[in-house]
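Thank you for letting me take a few minutes of the meeting. I would like to go slowly through one protein, beginning with the whole chain and then stopping at a few single residues.

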Amino acid sequence: MTGRIRAMGKEGMAAAVAASAAMLTISYFFDTDILPAMQTGICLPSPGEWGLSGIASRAINIGILAIAALALYLSNKEYSFVHGDDTVLTGMFLLMACSNPWISSGVTTSGLLAFGNILCLSILFGCYRKRNSTQELFLIGTILSIGSMIQYAFLFMVPVYLIGAILLKCFRFKSLVAMVMGLAAPYWIGVGLGLIPLDSFRMPRFISLFEAIGSKSEFFVGLVNIAVTVVLSLFLALNNMMKLYAGNTQRRLYNVVLNLTGSVAVICILLDLNNLTTYLATIYFIAAVQLANLFSLWDIRRGSLWLLGLSALYICGYILML
């Protein structure tokens, strides 16, 4: 393991960051369309309703994606769900997320959901075989609850952490109670203190993606981008689990929970099509985990060339979506 040549390395990471920055810059100067605002928050305005200027929206989005990438790096450094210290994980996450103008051209809930999932997964991983995980499950519930105020999709992630707690052998009935309390607490406090008026609660209002996307070709390329990412992730997950099952049990269980997160995100896309952009950054981060595992677990010849080719594919897709 330790003697393997890094597939990306510092130079590759610098190139991935440069390519991501270039795509973000191009989307600004070419005035790439941002999907119209949809009311997807349960009681607070969604990012599309914040009334931000174009440059402010893009700047905030860059910050969110950068923080999510940093959180992903720190989480792996702490829990080592991907063995080794290569930069494939963070580099490919940034490149894939920035290659889709639907989530890179301005602030959306996609980056927020990915960051929330990375944060919650890190908390959950810290509960491995822990007999009392009530505080951690309460905190996870609170994070998901606060997120649901601006994007209801956060609530769809609740089963991931309940099942994940069972898989990581830290689930007790009182943990379930703690998570339910965590989900209820922000709303209870917000309404009780008058911070959230009762009349602010609303049903989601959608705009059909078929009407929101500027052209049929853009929509087709965007769907191809998503399909390639999902199929690649599925293939790599099945391939990587062969090695993971023969290795460290803790790392294997971490990856099972990560795969569960990606599976739920894909199911949400299929069932919640008009809100599909929300789940994309989460799918990209799971895909980055699978790619990083591939180069960590298997002896891939000319790995850097394979990564270069895959990166070029995403960059070409980005150009076709402009």
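Residues 24 or more positions apart account for 82% of those contacts in the protein that have a separation of 6 or more, where a contact means heavy atoms within 4.5 Å. Before I go further, please keep in mind that this is a predicted model, in which local features need pLDDT of at least 70 and side-chain atom pairs count only at pLDDT 80 or more, while totals for chains, interfaces and linings use all residues. Residues are numbered from 1 along each chain as its sequence is written, and side-chain values use heavy atoms, with hydrogens and water left out.

How many helices and strands does the protein have? There are 13 helices and zero strands, where helices (H or I, at least four residues) and strands (E, at least two) are DSSP runs numbered from the N terminus.

Turning to overall size, a compact globule of 322 residues would have a radius of gyration near 20 Å, and the protein, at 19 Å, agrees with that; the radius is taken over C-alpha atoms, and the globule rule is 2.2 Å times the number of residues to the power 0.38. Along the principal axes, the C-alpha atoms fill a box of roughly 60 × 55 × 30 Å. Of the 322 residues, 52% are buried, a word that here means under 20% relative accessible area, with exposed meaning over 50% and partly exposed in between (1.4 Å probe, protein chains only).

Let us now look at Ser75, which is found in helix H2, residues 54-79. Is Ser75 buried or exposed? Ser75 has a relative accessible area of 5%, and therefore counts as buried. Not counting residues up to four places away in sequence, Ser75 touches Ser80, Phe81 and Ser122. With Ser122 there is also a polar contact between the two side chains, at 2.7 Å; such a contact is a pair of N or O atoms within 3.5 Å, and within protein one must be able to donate a hydrogen and the other to accept it, while residues adjacent in sequence count only if both atoms are side-chain atoms. The C-alpha atoms of Ser75 and Ile118 are separated by 7.7 Å, although the two residues are 43 residues apart along the chain.

Ser80, one of the residues that Ser75 touches, sits in the loop between H2 and helix H3 (88-98). Ser80 is partly exposed, because its relative accessible area is 23%, and its phi is positive, about 50°, although Ser80 is not a glycine.

Leaving aside neighbours within four places in sequence, Ser110 is in contact with Ile103, Thr277, Thr278, Tyr279, Leu280 and Ala281.

Asn275 has a relative accessible area of 1%, so it is buried, and a polar contact of 3.0 Å joins its side chain to that of Gln151.
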